Amino acid sequence: MTSVNIHPTAIVEDGAELGDGVSIGAFAYVGSEVKLGDGSKIHQRATVIGRSELGAKVEVYPGASIGCAPQILGFKDDGTSRLTIGSGTILRENVTIHGGSPTHGGLTSVGDDCLLMVGAHVAHDCHVGNKCVFANGVQIGGHIIVGDQVWMGGLAAVHQFCRIGRHAFVGGGAIVVADIIPYGSVIGNHAHLAGLNIVGMKRRGFSRKSIHDLRAAYRMLFAKEGTFSERVADAEETYGDCPELVEIIEFIKAGKSRALCLPE
């Protein structure tokens, strides 16, 4: 028998799977197809429904609504809409995350050790990496792919189907309508590339050489001379031993028919 703590006013539907040490607060609601990992905490008046699977030590704060159906006109649940939340992730007050849509694989996912602050929203079919931080009011539309350790400032919004590379930074209030390269830093409406996320790289222990080489390669990539494809080739030839640049170039090549956030 697992050790769980359920407040008398909480509703936990039959069929819900609760790991050891789960805590469910007053007036919280947990649906019948939910799986809560060991040590997870659902605070008072939080809701977790749908086919939602939360990893160990996930914390869901008051007012959050996790696992609702996607906001799609004419949505019909065929049994494949799912949501997964990685271990150690914290979902603060009034966060909303929707399950996936059947026509696009049915899965929305958020990785391990993320922090989604007050009022953040993750739409259907998004895939958010590990250790991401979304500040208050961040809104990301459907089908967005967010790499590991992406930080987004308050009230930033991202248009559906965009990609955001690892270690990128999105400034507060930015309106993102195109892909963001790994390690990039964007600001504005519409968002434009304002350089590299040097602060984030330093905080995460990237070497001085890696940062120096990536800065030089960045200047080459986004110089005024030549075509973009020529600059990509030149940067790859000159700084091909820089793994961070290789990651950026692979990201660009993978989305060669897509719009990319560029400097002003």
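Predicted model: local features only at pLDDT ≥ 70, side-chain atom pairs only at ≥ 80, totals over all residues.

Trainee: OK. What is Ile97 in contact with, leaving aside neighbours within four places in sequence?

Mentor: Ser65, Ile66, Gly67, Cys68, Leu83, Ile85, Leu91, Thr108, Val110, Leu116 and Val122.

Trainee: Which residues touch the most other members of the largest nonpolar core?

Mentor: Ile97 again, plus Phe134, Ile140 and Met152, out of 74 residues. Such a core joins buried Ala, Val, Leu, Ile, Met, Phe, Trp, Tyr and Cys through side-chain atoms within 4.5 Å.

Trainee: Which element gives it the largest share?

Mentor: Helix H2 (208-221), with six residues. Helices are DSSP runs of H or I, at least four residues; strands are E, at least two.

Trainee: New topic. Is Leu193 buried or exposed?

Mentor: Buried, because its relative accessibility is 2% (the cut-off is under 20%, with a 1.4 Å probe, protein chains only). Leu193 sits in strand E28. Beyond four places in sequence, its contacts include Ile181, Tyr218, Phe222 and Leu262.

Trainee: And how do H3 and H4 pack?

Mentor: At about 150 degrees, axes 10 Å apart (lines fitted to C-alpha atoms over the stretch in contact; angles run 0 to 180 degrees between N-to-C directions). They are therefore roughly antiparallel, a label for angles over 145 degrees.

Trainee: Which residues meet there?

Mentor: Phe228, Val232, Ala235 and Glu236 of H3 meet Leu245, Ile249, Ile252 and Lys253 of H4.

Key:
Residues numbered from 1 in each chain as written. Heavy atoms only, no water. Parallel < 35°, antiparallel > 145°, perpendicular 65-115°, else oblique. Contact = heavy atoms within 4.5 Å. Buried < 20%, exposed > 50% of the residue type's maximum accessible area, 1.4 Å probe, protein only.
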